[in-house]
Amino acid sequence: MRKNTNNRAGITTFALIFFTVAAGLPAAADPFFFSTGNPDGKIATLSRPASPGQVETETADDFVLNQATAINSATFTGLLPTGASLNSVRDIEIELYHVFPVDSVNPPDGRVLTRVNSPADNQFAAFDSAAGALTYTTTLLSSSFSVANTVVNGIHAAPGQFTGGEGPATGQEVQFNIQFTPGFTLPADHYFFRPEVELSDGNFLWLSAPRPIVAPGTPFTNDLQTWIRNTGLDPDWERIGTDVTQQGPFNAAFSLTGDTVPEPSTYALFGAGLLLLVISARRQRRTQ
């Protein structure tokens, strides 16, 4: 019996197109790494939980995920007081925020100059070492690291938001290495990362990083600046560089590590294409 050459050509063409497309689809999981780069010595800002006699103060910086990603570890770098033991760290808490107005009252209360591109009012995820949601180690990078400016207490609602900062400081440059237990997965979106460190004596100040991001950092489009708030300003946030110091704007030194997660449609497309290829092949055999 004569073979159906039209069917064979059609199947060959389909197979070529399908496997060409499939070859370009993302793998099951690709390594993910994001970093704002190394500290630049421009500013260091307070980020600590509330404790007896001390109000909570939060500094947050942003990152973008272009596809769903499983995050399992992070780092951030800041100053500990000169001479402080690395064992003086009592607790570390990390929170994640969407970009305003998600998870927020909108319109805002008008106590700050703007909420455009700020962190949301409320976090959507929190991880606390005291609760066992993360483990950490510390790495002393330098016993003496100086910054040109700081923001510790001068965080006020408008119109008193500008303080110029509280001047230079020197301390120990320490990197905090975080392991999330377990890790977590986030969909593609724009987020803010906020670490807090509680010390038995003194304050942790989060170090700034270059903005725009430079090597060894990983630049991205729409890189936002760092924002800050304390209990008195909550739920609002202020821009450290634009509002408080009128310098910068700044990034903060941190990194995230994990693996990308392919969208379910990737597997659906591959499976549907493979099924069509099998059906077409069977039909070809029947016509031969």
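User: How many salt bridges does the count come to?

Analyst: This is a predicted model, and side-chain atom pairs count only at pLDDT 80 or more. A salt bridge here needs a side-chain nitrogen of Lys or Arg within 4 Å of a carboxyl oxygen of Asp or Glu. By this rule the count comes to 13.

User: Are D121 and R115, whose side chains meet in a salt bridge, buried or exposed?

Analyst: The N to O distance in the salt bridge of D121 and R115 is 2.9 Å. The cut-off for buried is under 20% relative accessible area. D121 has a relative accessible area of 5%, and R115 has a relative accessibility of 4%, so D121 counts as buried and R115 likewise counts as buried.

User: Which residue forms a salt bridge with R111, and how does the accessible area of each partner class it?

Analyst: In this salt bridge the closest N and O atoms are 3.4 Å apart. The partner of R111 is D109.

User: Which residue forms a salt bridge with E196, and which residues are linked with them in a network?

Analyst: E196 forms its salt bridge with R194, the closest N and O atoms being 3.4 Å apart, and both of these residues are buried. They belong to a network of salt bridges, whose linked residues are E56, E58, E93, E95, R194, E196, R229 and D234.

User: Which strands stand at the edges of the open sheet of six strands, and why is one side of each left without a neighbour?

Analyst: The order of the sheet is β6-β5-β10-β3-β12-β13, with antiparallel pairing. The strands at the edges each have a single partner strand, so one side of each is left without a neighbour in the sheet. For one of them, β13, the pairing with β12 (residues 227–230) is antiparallel over two bridges, and I228 has E238 of β13 as its bridge partner. The edge strands are β6 (125–128) and β13 (238–239).

User: Which strand gives the largest share of the lining of the largest pocket?

Analyst: The largest pocket holds about 190 Å³ of space, and of its 13 lining residues F32, F34, V64, N66 and F220 lie nearest its centre. The lining divides into seven nonpolar, six polar and no charged residues. At least two lining residues come from each of β1 (31–35) and β3 (57–65), and the largest share, three residues, comes from β1.

Methods:
Residues numbered from 1 in each chain as written. Predicted model: local features only at pLDDT ≥ 70, side-chain atom pairs only at ≥ 80, totals over all residues. Heavy atoms only, no water. Pairing = 2+ DSSP bridges. Helix = DSSP H or I, 4+ residues; strand = E, 2+ residues; numbered from the N terminus. Buried < 20%, exposed > 50% of the residue type's maximum accessible area, 1.4 Å probe, protein only. 1 Å grid on protein atoms, 1.4 Å probe; cavity = no way out; pocket = protein on both sides within 12 Å on 5 of 7 lines; lining within 4 Å. Points joined across faces, edges and corners; volume = space filled by probe spheres on them. Nonpolar A, V, L, I, M, F, W, Y, C, P; charged D, E, K, R; others polar.
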